[in-house]
Protein chains: 2
Amino acid sequence: MAVKRIGQQTILLPKKPALLAGAAWAGPKEGKGPLAALFDCVTEDETYGQQSFELAERQMVLDAARAAIGRSGLREGEIQLLLGGDLLNQIISASFTARELALPFLGLYGACSTMCQGLCLAAMLLDGEHADHALCVASSHFCTAERQYRFPLEYGNQRTPTAQWTVTGAGATVLSLSPGKPPMARMTHACIGRVVDLGVTDANNMGAAMAPAAADTLLALFEDTHTTPADYDLIVTGDLGQVGHDLLLRLMDGQGMPLIGERYRDCGLMIYAPEQDTHAGGSGCGCSAVVLNACLLPMLARGELGRIIFMSTGALMSVTSSQQGESIPGIAHAAVLESPVEKRTGV
Amino acid sequence: MAVKRIGQQTILLPKKPALLAGAAWAGPKEGKGPLAALFDCVTEDETYGQQSFELAERQMVLDAARAAIGRSGLREGEIQLLLGGDLLNQIISASFTARELALPFLGLYGACSTMCQGLCLAAMLLDGEHADHALCVASSHFCTAERQYRFPLEYGNQRTPTAQWTVTGAGATVLSLSPGKPPMARMTHACIGRVVDLGVTDANNMGAAMAPAAADTLLALFEDTHTTPADYDLIVTGDLGQVGHDLLLRLMDGQGMPLIGERYRDCGLMIYAPEQDTHAGGSGCGCSAVVLNACLLPMLARGELGRIIFMSTGALMSVTSSQQGESIPGIAHAAVLESPVEKRTGV
């Protein structure tokens, strides 16, 4: 029997793999938001000095990856696995970055759940002693996503009130089984999400499509670990935005597991200020990836947070599936992260 | 230190996870090829009774998955992880299948390397005691791939001599840490590939783009495990086709590790007969997925093969990357599979 399996979806990680170092690259709009000061790099414009938006996204992934590796104290060649993905068809941002890094590569597609999917997989592979050091990356770019999923930017089409703004950004995290320096956090549990689809067909309302999946994974995690929301200092979803955030609150309340007040945050709401006119908030693989690496990991490292649930959320539709009338399946993967230091009280 | 790590890319699996059961669904053209009698189902036409080719591909994945689960002796709810992917944008074939199965889902994108990527990941997660039972799926469909990657079929465009024919098919394999019945094979090693790109830009010659990655992974596996081609009854690549097959022979010969005669086969050459006019042979995630489940696993189960390398090969370009002038990065993941029975001699 798999001794680390607790319940239907949650996996215990007895070796508590270390999240050793992270880096977050962000675009100009994100660089004007509330987290501006926390990013390692804010690009001057959406092209990042490249010939296309796709090349810009790729370069941001590569630069974030190399910064995270540098900060981890490891040499690039010591990283034994690279796990990553993005929103572009055939995940070219991750794949072409993997070409530059020349590391053993596992390509992932979890839409905006990719960062946490990567973390969960990497942590399990480290916990199983199949690797010492792994690197997870995830990215998105407003301009590459808009023209692939919606309309060419040149059309200047109007956005609906429920629409979210795809984050331009790339996050990278180095995980280690045997860290040579104090880790920023440790992962104790991974919870792998199921695909949940309640029939939302509006591709401009992905928060509503993803919220049921977020509730499903959260409830599984609480049941499997015999915990409640009160056992965590923070529960952070990836990119539900305002609509999905409010819906998740209602869904959890209805299940007798209310997420109360300041304990629940959404990366899509943390990354932009209301006056930035993003409508329902941020989205994209890069959203939770940059908030984790710029904001959450440093807070865990400093002991300002003791134990959190980090849960990236994804909407698994494609242009083809939407055009064929399909609804939008959602998924959410969760990681329980612990501070390596005694929690500082009164913070 | 990660004790199961041997060398730069290879992982030892001390628990030798079992490949418990498999199933292979194939399209009509594949059903006229040399492996016709081995498929669990040959669809009457490319629509498989569905309203679109995309729905047909999805239905084949679901039916293959359920057949493999049924054959494994497990109940659907006992499968703790579903890993899968396909060639379609946002891997909708796998994601929408995951919606039907409602199992914890890890979406993968490795292009045509997906089947082996899934097997390697699942085997590591079982070996690490993070799950008892996992299901891997991979699929492709000639009609969905052609219209996404090349031209609408209605154009009737000519194919170049180096072009390969995307296999219509879906393969599913159930892996288990604690099999309740004799397994078909056991996995002893996984070798995770690096992205290799020697600059091939012709999307109609993917065999040439993937062969260097195949050589890279094979050489790493041999070096890490201190073995040579002579230690395996069969080395099977996923879908290099005739061009890539011949190139891999030359590359390995040049590295002093010749793949001799009958010991080396390519799934893309096994699945069609020369008179079926597929030009360089078969390709697609479904290619190695159906050949593994229809042909290789049964031969291992019967002891007709003792130890093999199963290596799926992928070309990681997208329409956008090709249109922007990028070359085609290749990747190959390998699994060492052993027969559960004493090899029958003279077979």
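This is a short talk on a predicted model with chains A and B, covering chain A by itself and then the contact between the two.

Some conventions come before the content. Residues are numbered from 1 along each chain as its sequence is written, while chains are lettered from A and ligands numbered from 1 in the order in which they are written. Because the model is predicted, local features need pLDDT of at least 70 and side-chain atom pairs count only at pLDDT 80 or more, whereas totals for chains, interfaces and linings use all residues; side-chain values use heavy atoms, with hydrogens and water left out.

I start with chain A. Its secondary structure comes to nine helices and 15 strands; these are DSSP runs numbered from the N terminus, with helices being H or I of at least four residues and strands E of at least two. The radius of gyration of chain A, taken over C-alpha atoms, is 18 Å, close to the 20 Å that the globule rule gives for 347 residues, so chain A is as compact as a globular protein of that length. That rule is 2.2 Å times the number of residues to the power 0.38. Along its principal axes, the C-alpha trace of chain A spans about 50 × 45 × 40 Å.

Helix α1 of chain A covers residues 53-72 and reaches 29 Å from first C-alpha to last, close to the expected 28 Å; the expected span is 1.5 Å times one less than the number of residues. Just after this helix, A:G73 takes a positive phi of about 85°. A:Y48, in the loop between β4 and α1 of chain A, has a positive phi near 50° although this residue is not glycine.

Now the contact between the chains. How many residues does each chain give to it? Chain B gives 67 and chain A gives 67, where contact means heavy atoms within 4.5 Å. The buried area is about 5300 Å², with 58% from carbon and sulfur atoms; this is the accessible area (1.4 Å probe) that two parts lose on being put together, summed over both.

Between chain B and chain A there are six salt bridges, each a side-chain nitrogen of Lys or Arg within 4 Å of a carboxyl oxygen of Asp or Glu. On the chain B side, α1, α2 and β15 are among the elements that each supply at least two residues.

B:R99 lies in helix α2 of chain B and A:D197 in the loop between β10 and α5 of chain A, so the pair joins two chains. B:R99 also forms a salt bridge with A:E326, with the closest N and O atoms 3.2 Å apart.
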